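Student: I am new to this structure and would like to go through it step by step. Please show it to me.

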Amino acid sequence: MEKIFKLKENGTSVRTEIIAGLTTFMTMAYIIALNPNLLTGWRAGGDELWNAVFLATCLASGIAMMCMAFVANKPFCLAPGMGLNSFLAVVVTQIATITGATYVASFQAALVIVLAEGIVFLVLTVCNIRERIVGAIPYGVRMGIAPAIGLMLLNIGVGSNAGVFGADGNPFYAMRDFFGSLTAGSAATTMGDAYPAMVLTVATMFIGLFVIVLMAHRGIKGAVILGMLVASVIYWIGDAVFLGQNPFASLATASWVPAFGDMANLTLFKFNFEGFLQLGWFTAITLIVTFCMIDMFDTIGTLVGTAARAGMLDSEGKMPQMKEALLSDSIGTVVGACTGTSTVTTFVESASGVEAGGRTGLTALTCGVMFLLCMFIGPLAAIIPSAATSSALIYVGIIMLSGLKHIDFDDLEQAVPVALMLIAMPISGSIGHAIGIGLIAFSVINICTGKARSYYTLTYILALIFLVKFFLVA
């Protein structure tokens, strides 16, 4: 292990790395079931397609993390990205409408987009173009990415990650529906039958958070994962005692045998090129470029932001082995397309593992092994309550805000782009779009104040591309 991952050089140990990998896994395990739910339109393509995408999610994620572990030796974990999978699901529906094909055939046509995106990124990475794009992000904007991600994690933790939906079908937000202006009575009316679950979720979320904080304050290793375990136990007890439900009921009817036959029949190298070309060249190219833009800056933002928190950036704000990390992301996307899932990208939840002490590829390897095992033990991952995940996300989000100390708020050239990213990232839910807004703001301020420099040329080009993306591409 020492020879492969250079543990001592990175100031870590096997135990710490494994705990960090398990911590990241627990915070992102939700994607294993959620991804096939989103991509198959809640089983619009039948149980067989759901099974195929489920296995593809585990396989592509596991392989991508193996690459991150052995090629880049970084603690970043990858899986099909949220947002991109929802976008792909919309594209699948549009293909079905345009071509009149079945959902499965349309899904296979959409996989061509993911394959093309992955190949484009492989070429760009090998040619060092993606690294140059990372270098084109100004220092101030780069340093502001981590705090902005922290706010997004806080937003996810106290909101959409909670997994409780009111009578109107919308997710509740603790700061609005629990601590907000609503009284308990009106909140109960708004939430309907979900009100007791909301109370249990909020209580569990904050108990888990303070357990993590107290353990971290005492210097206990694995504080995040231990806090999540405490939160899980509390939620399970509350689920049984107060809600009258068996939190482990799903295990009794769960299928433990992977449906590899469904994946082989429906998604494994099943590209519908004919259906894809029916979209027309302009639409096809626009979709590929759109996926590339979103994925590229989501990945870059997550890598830079998480690396900043881990102390992996040099004096210029650059991360060593960035090329290898980006290459792992590209390989994951190609594998995902070939097996049957959406774009694989670096997960922002990797920050939880970094906060738990993860500094090398052994963290990514541990998480990757867990994803592969989930092909056989997926039902166990499904019983981790979202409230426990929220505890970790809130804690990590708070910790990542410390990156604001690197920003000179007396310098508007830094302050304005960072401030816009801080508000844009949690609201839009897109790291890439927030970075785009930051680049646009930086470019406008530089050019209009007469500070434009030739070495920022690529920055200005990227800002212009984002402007086109925002106003001309749906």
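**Helices, loops and contacts**

Tutor: Just after helix 16, Gly311 takes a positive phi of about 75 degrees. Helices (H or I, at least four residues) and strands (E, at least two) are DSSP runs, numbered from the N terminus. This is a predicted model, in which local features need pLDDT of at least 70 and side-chain atom pairs count only at pLDDT 80 or more, while totals for chains, interfaces and linings use all residues. Residues are numbered from 1 along each chain as its sequence is written, and side-chain values use heavy atoms, with hydrogens and water left out.

Student: How far does helix 16 reach from its first C-alpha to its last?

Tutor: Helix 16 has 30 residues. The expected span of a helix is 1.5 Å times one less than its number of residues. For helix 16 the expected value is 44 Å, and the reach in the model is close to that, at 43 Å.

Student: At what angle do helix 5 and helix 16 pack, and is helix 5 roughly parallel or roughly antiparallel to helix 16?

Tutor: Axes are lines fitted to C-alpha atoms, for helices over the stretch in contact, and angles run from 0 to 180 degrees between N-to-C directions. Angles under 35 degrees count as roughly parallel, over 145 as roughly antiparallel, 65 to 115 as roughly perpendicular and the rest as oblique. The axes of helix 5 (residues 84-99) and helix 16 (residues 281-310) are 11 Å apart, and the packing angle is about 170 degrees. That makes helix 5 roughly antiparallel to helix 16.

Student: Which residues make the contact between helix 5 and helix 16, and how many are nonpolar?

Tutor: Contact means heavy atoms within 4.5 Å. Helix 5 contributes Leu84, Phe87, Leu88 and Val91, and helix 16 contributes Leu287, Thr290, Phe291, Ile294 and Asp295. Ala, Val, Leu, Ile, Met, Phe, Trp, Tyr, Cys and Pro count as nonpolar, Asp, Glu, Lys and Arg as charged, and the others, Gly among them, as polar. By class, the contact of helix 5 with helix 16 has one charged, one polar and seven nonpolar residues.

Student: How many residues of helix 2 are buried, and what do they pack against?

Tutor: Helix 2 is largely enclosed by the rest of the structure, because 11 of its 15 residues are buried. Among them are Glu17, Phe25 and Met28. The buried residues pack against strand 1 (78-80) and helices 3 (31-39), 12 (223-241), 18 (350-355), 19 (361-382) and 20 (386-400).

Student: Which side chain does Thr12 join in a polar contact?

Tutor: Thr12 is found in the loop between helix 1 (2-5) and helix 2, and counts as buried at 13% relative accessibility. A polar contact is a pair of N or O atoms within 3.5 Å; within protein, one must be able to donate a hydrogen and the other to accept it, and residues adjacent in sequence count only if both atoms are side-chain atoms. At 2.8 Å, the side chain joined to that of Thr12 belongs to Glu17.

Student: Where does Thr360 lie, and with which side chain does the side chain of Thr360 make a polar contact?

Tutor: Thr360 lies in the loop between helix 18 and helix 19, and is buried with a relative accessible area of 0%. Leaving aside neighbours within four places in sequence, Thr360 is in contact with residues including Thr12, Asn73 and Pro75. The polar contact of its side chain, at 2.8 Å, is with the side chain of Glu17.

Student: Is Phe269 buried or exposed?

Tutor: Phe269 is found in the loop between helix 14 (260-266) and helix 15 (273-277). Phe269 has a positive phi of about 55 degrees although it is not a glycine. With a relative accessible area of 58%, Phe269 is exposed.

Student: How far apart in space are Gly340 and Phe269, C-alpha to C-alpha?

Tutor: Gly340 is found in the loop between helix 17 and strand 2 (344-346), and counts as buried at 0% relative accessibility. Gly340 and Phe269 are 71 residues apart in sequence, while their C-alpha separation in space is 7.7 Å.

Methods
Buried means under 20% relative accessible area, exposed over 50%, partly exposed in between (1.4 Å probe, protein chains only).
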